Amino acid sequence: MKHISIILLAALLSVKATGQTLYACKNAQVSLFSTAPIEDIAAKTSSGNSVYNAASGDLVFSVPITTFKFPKSLMEEHFNSDYLESDKYPRATFKGKIKEQPDLTKNGSYPITIVGELDVHNVKQNRTIQGNLTVNNGVITMTAEFMVKCADHHIEIPRLVFHNIAESIKMNVNATYTAVK
Amino acid sequence: MKKHIAVLALLAVTWSAKAQQKSSADSLMNAMSANDKPVRVAIFKSTRLVLAQTTEMVKKNELNFQIIHRFGDIAGTNGGGQTAFGIDRVNDVFFGFEYGVSDNFNLDLGRSTIGQLVQLEAKWALVHQTSTDSSPFAVTLVGEVGAKPYQVATFPTFSSRMSYLAQAIIARKFSSDLSLQVAPTYVSNNTPFPLLPGNEKSFFAVQASARIKLSNHAGLILDYAHPFSNFRTKANGFEDPIGIGYEVETGGHVFTVNITNSNSISEMNMLSNNQHQFSKGQYRIGFTISRMFDFNPKVKKDNK
């Protein structure tokens, strides 16, 4: 009987240990930037969600489209209704894996390669994104910068406003994760 | 035996822990994604359709400048090739300035050719339609005061040339393809307009409108208005205003081309006095151009 309880205790402890490999972020910052002959467009959200499984390397990202804030409210409205159609496709998601397995117990900065599927405007694209992972006393921060072509996600830009919007949008992602217990 | 149970128990626990880990990553993601806040639904592309105003507001510190035209009759005795199907004649021009005091409160100023009517308007968005349908429709209240500043024999005093309008606009976007709106309205003119024996000073009216999406940037807009007036009847030469238009939005501009039997643009004129009939060729081309100016302080680009 004693043995069982000891083993069960050990098992429970091990459950706790595996639980430590999950990291979550509720306020990932995602910003987009487009530069075009007539006007620059910049928008930002800090409502992205992300979960990182350090054991498997799995990385999931989800950003509500409607939370992107633009300096001009009209831009925001058009971004939602005309381009991203957020009423039909409310979220942009990314599901992938981090190739490297950085040592999360050691403080430091590690370059990472993220391979996965980016789903924007209900169009999935396989992407390989270069980023950076920093560990600071158990707190993980990931950053990445990459370009997204509007055409890749069937986001059509009409000729009339062609000069207002660039064909490629620069994305910046900054997410800080804490361990999930 | 005890040992076996212990090993089995250990196996079971570690196995379930592994399974949990996989599903917990997904369930954690789902739990975090579940609390999406409801957002305001943009029901229309513009604050104005062909005849009616919409529930849409000009946002804080923004100014919407509108130029609205109604040309002459396309057909009938005043139309035809001689007037380039009405293009040579301008029946009404409306300049409108709509300013966002806040996202939910606008002050608007407008001036019409017909009667040289100058109007001041307060517009208040009471309820917005939300993405979660916690509010299934939008309600906006409109109050207008109008004055015809120039003296004419039939309207001798300034107060006799004043008009008032109160309106509740109720709209809903049923899908991204279809938005509908109905607006019960009360119009009061200090002198009956048009000044004809038997005409009422004040009356109720209703406006009904629709927008059908044609593409992400264009839509078909339909407008109808009916004054509940014993005097404004077909027998007395009145007809309910009807409008149909094509609306294109290009960034900060909204452009509308329309055909309507209404001569006048301001609702106070349009609802009070529409003696133009489709059957007599008294319908015309009109257009609306609007440009949104933004006076919000520029946000610094935090981009390297």
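This is a predicted model: local features need pLDDT of at least 70, side-chain atom pairs count only at pLDDT 80 or more; totals for chains, interfaces and linings use all residues.
A:Thr134 stands opposite A:Thr141 in S7(A). Residues are numbered from 1 along each chain as its sequence is written, while chains are lettered from A and ligands numbered from 1 in the order in which they are written.

**Exercise 1.** Find how many bridges join S6(A) to S7(A), and describe the turn.

*Solution.* Step one: strands are DSSP runs of E, at least two residues, and helices are runs of H or I, at least four, numbered from the N terminus; two strands pair if DSSP finds at least two bridges between them. Step two: S6(A) and S7 (residues 139-149) run antiparallel and share 6 bridges. Step three: this is a hairpin with 2 residues between the strands, and A:Asn137 in the turn has a positive phi of about 50 degrees.

**Exercise 2.** Which closed arrangement do the strands of chain A make?

*Solution.* Follow S7(A) onward: 10 bridges join it to S8(A), antiparallel again, and A:Met142 stands opposite A:Ala175. Tracing S1-S2-S3-S4-S5-S6-S7-S8 gives a closed barrel of 8 strands with antiparallel pairing. The twist from one strand to the next averages 25 degrees (axes are lines fitted to C-alpha atoms, with angles from 0 to 180 degrees between N-to-C directions).

**Exercise 3.** Locate the largest nonpolar core and name the residues with the most contacts inside it.

*Solution.* First, the term: buried Ala, Val, Leu, Ile, Met, Phe, Trp, Tyr and Cys residues joined through C-beta atoms within 7 Å, where buried requires 20 or more other C-beta atoms within 10 Å, C-beta atoms being placed from the backbone. The largest core has 36 residues, with A:Tyr52, A:Leu59, A:Ile140, A:Ala175 and A:Tyr177 having the most contacts. S1(A) gives the largest share, 5 residues. Apart from this core lies another, of 27 residues, including B:Leu165 and B:Met270.

Key:
A residue is buried if 20 or more other C-beta atoms lie within 10 Å of its own, exposed if 12 or fewer, and partly exposed in between; C-beta atoms are placed from the backbone.
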